[in-house]
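Thanks for making the time, everyone.

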Amino acid sequence: MNSKKIRLALAGNPNSGKTTLFNALTGTNQVVGNWPGVTVEQKLGSYRKNHNIQIVDLPGIYSLSPYTAEEIITRDYLVREKPEVIINIVDASNIERNLYLTTQLLELGLPVVIALNMMDVVNARGDIIDVDSLQRQLGCQVVEISALKETNLEGLIAASIKAAEENITPKAIEFPGRIERALQEMSELISSEREGGVEDRLRRYTTLKLLEGDSVIIDNLVLGETQARAEAVISRLEKELDDDRESIIISARYDYVTELTARIRRKAEGKESFSAKVDKFVTNKVLGLPIFALVMAVVYGVSVSTVGQWVTDFTNDVFVEEWIKTPVADFLESAGVSEALVGLICDGIIGGVGAILGFMPQMMVLFLFLAILEDCGYMARIAFLLDLLFRRFGMSGKSFIPMLVGTGCGVPGIMAARTIENPRDRRLTIMSVTFMPCGAKLPLIAMITGALFDNNGYIAFSAYALGIVSVIVTGIILKQFTAFAGAPTPFVIELPDYHFPSWKNVRQSILMKLESYAKKVVTIYIFVSILVWFMASFGFGDEGFGMIESLEDSLCRDVGTLFAWIFTPCGFDSWQAVVATLLGLAAKEDIVGVLGVLSSIGDGEKALEMVEAGENLGDLVAIFGGSKLVGYSFMAFNLLCAPCFAAMATIVAELDSKWEAAFAIGYECLFAYVVSLIIYQLGSWYLGGPFTMWTGTAVALLLVMTGLLIRGIRRA
């Protein structure tokens with residue numbers, strides 16, 4: 001059998017350890033894409049010890065009812081593709097909740113193997129699960145494993161191969177007598193496969209779905225005159241049990257699972273789990289959010305100000321400058337290479353890309369902390385805690401995870417919105433994720449705060465607060481329009497037990513995010529670095545087009561001057577600030593590099609070093625006319641406007657149409673412009689400036705936004 005291709009489909013609840021098991025079984029032999037027609041992630045891989053065994057990681061679901069994209073995908077795959085074996089991952093620490101899905105999988109007429117995961121957690125609690133009894137009751141092989149510790153995975157694969165070879169399908173659960181009699185009557189009304197009807201293996205499954213009133217199944221059945229007879233059977237059953245058709249089956253399943261769990265599990269008496277003890281504090285309505293704020297303050301403090309900063313300084317000062325840039329420049333000059341080519345290679349490519357790579361250590365430390373917090377089970381608690389707060393503003397608690405991921409990088413943050421089933425909520429989340437300051441925006445915040453505000457910590461914090469407020473404002477305002485209206489997606493989340501994070505999972509998470517960042521460096525950043533160098537080094541001088549000595553004659557100045565009028569109402573209309581803003585659309589990190597190049601400082605890396613050293617950045621400050629208000633307005637616009645090209649491309653890929661993507665990107669730019677306009681115009685007026693037409697416009701826009709917010713809050 002080992003020479004034959006075998007497909008093993010992994011099915012289970014969210015947070016049951018399914019993805020951990022998939023990664024452990026496949027290693028690097030994975031292909032990730034999207035299921036046809038939807039943005040839900042598709043994972044395929046081959047077993048690392050036998051490439052003839054294909055592993056399919058189906059989306060995490062709680063049932064096979066067709067209510068979400070994940071449930072539809074999983075059901076369609078199992079029904080139509082008919083994998084050789086279904087591996088049902090069951091979280092043994094939450095076995096009663098997980099077995100509900102198991103009862104449905106047993107009805108699909110396919111071999112099933114139960115992977116009883118997290119048995120180490122059960123044993124630590126002192127609980128006992130009678131695996132032999134569970135195996136007899138379900139009629140299929142049950143294998144104890146720990147996906148996190150990679151325990152008994154070979155035994156799981158061996159049991160799966162045996163199930164595929166013997167093709168033994170488990171017996172579906174039996175319902176109470178009246179339900180079974182109704183199912184028997186309805187089953188006789190459905191044509192068999194031999195008569196051109198339902199496949200024999202799916203006969204009971206189809207009958208159950210017909211009884212439940214599953215519209216997808218009913219639409220695909222050709223019952224003809226027998227439809228009325230089937231409905232008569234269902235109506236009689238509803239009267240007998242005094243309940244609706246769907247609730248009858250749901251209640252019967254839960255009753256079966258509850259009774260089965262009571263027979264096979266014995267819980268330790270009087271012993272409170274470690275997770276329960278910790279959750280008394282971290283999910284507390286009063287203490288939960290302050291604890292979360294403290295945790296994130298430590299995470300960002302270590303990532304940005306201490307450890308991350310130390311490694312970044314080494315990368316910038318030693319690795320890039322001393323080990324790469326200087327030796328390359330010396331070699332090229334000694335070889336007689338022209339000044340233009342030396343500038344292109346050293347300043348344009350190495351200097352530009354090096355300045356961006358210098359921030360990678362900070363991002364790596366940040367990604368490390370976030371991966372640890374997520375893998376140990378803490379982030380699930382925060383999503384649960386914030387659901388109530390988010391729902392008050394028209395958004396689901398599921399929006400929190402994409403936004404948290406977006407603080408590292410907007411691209412995976414946008415992609416994380418796939419977990420939101422409601423298309424309106426998913427669209428709203430995608431539009432607002434990039435308001436959160438990502439790792440790429442940290443250099444901009446550091447530069448403006450250091451150059452204009454003497455490294456005032458409150459100013460840096462306000463940049464993050466601005467992002468959070470923008471998310472909330474967007475949710476309240478847009479929920480009042482038809483395209484976004486409706487109740488938020490019901491938020492259901494499994495709270496896994498706390499456990500030590502798996503270094504393998506943490507490492508994989510970090511590498512995936514850094515790989516995405518590195519690809520941007522190799523593609524977009526190199527192009528932008530060369531473009532900035534060219535535009536700053538060439539222009540039209542007295543002798544025509546060529547290399548110039550003064551930036552005043554450069555192409556940068558010409559382009560910046562051409563578009564300066566757009567940003568005049570927002571205060572930052574110097575050509576240097578305009579060029580930095582335009583090129584920042586390619587990559588937000590490049591704003592710092594561009595400002596450094598377009599001032600006498602030389603490059604963004606040196607500018608940040610001067611900020612840290614507290615040195616005079618007069619030339620950089622001069623770009624903003626020496627005004628703190630102008631600098632803050634510039635920072636606000638660039639933090640909130642459309643994200644980098646890579647994130648914009650992801651928005652286009654994740655939304656249902658290009659028109660939706662265009663609206664999302666356009667809204668972000670418009671929102672950023674309005675916020676920047678209000679900040680500068682009202683700030684100028686408050687500081688004694690004249691009341692102009694643009695000041696009146698800012699007041700009017702503020703009143704409109706306030707009115708929409710008040711109306712939205714009242715509706716909520």
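Let me start with a question: how many of the seven residues of strand E1 (residues 6-12) are buried? Before I answer, please keep in mind that this is a predicted model, in which local features need pLDDT of at least 70 and side-chain atom pairs count only at pLDDT 80 or more, while totals for chains, interfaces and linings use all residues. Residues are numbered from 1 along each chain as its sequence is written, and side-chain values use heavy atoms, with hydrogens and water left out.

The answer is six of the seven, so E1 is largely enclosed by the rest of the structure. By buried I mean under 20% relative accessible area, and by exposed over 50%, with a 1.4 Å probe and protein chains only; helices (H or I, at least four residues) and strands (E, at least two) are DSSP runs numbered from the N terminus.

E1 runs parallel to strand E4 (residues 50-57), to which five bridges join it, and Leu10 stands opposite Asp57 there. With strand E5 (residues 85-91) E1 also pairs in the parallel sense, over five bridges, and in that pairing Leu8 stands opposite Val85. Pairing here requires that DSSP finds at least two bridges between the strands.

Turning to helix H10 (residues 226-241), the buried residues are Thr226, Ala230, Val233, Ile234 and Leu237. They cover an arc of only 95° around the axis, which puts them on the same side of H10, the arc being that of the directions from the helix axis to the C-beta atoms. On the face turned away from that buried side we find the exposed residues Ala228 and Lys239. Just after H10, Asp242 takes a positive phi of about 55°.

In helix H12 (residues 274-282), the buried residues are Ser275, Asp279 and Val282. They cover an arc of only 70° around the axis, which places them on the same side of H12.

Finally, the cores: a nonpolar core is a set of buried Ala, Val, Leu, Ile, Met, Phe, Trp, Tyr and Cys residues joined through side-chain atoms within 4.5 Å. The largest has 97 residues, of which Tyr378, Phe400, Phe624, Phe634 and Met635 touch the most other members. Helix H31 (residues 658-686) supplies its largest share, eleven residues. A second, separate core of 55 residues includes Ala9, Ile95, Ile179 and Ala182.
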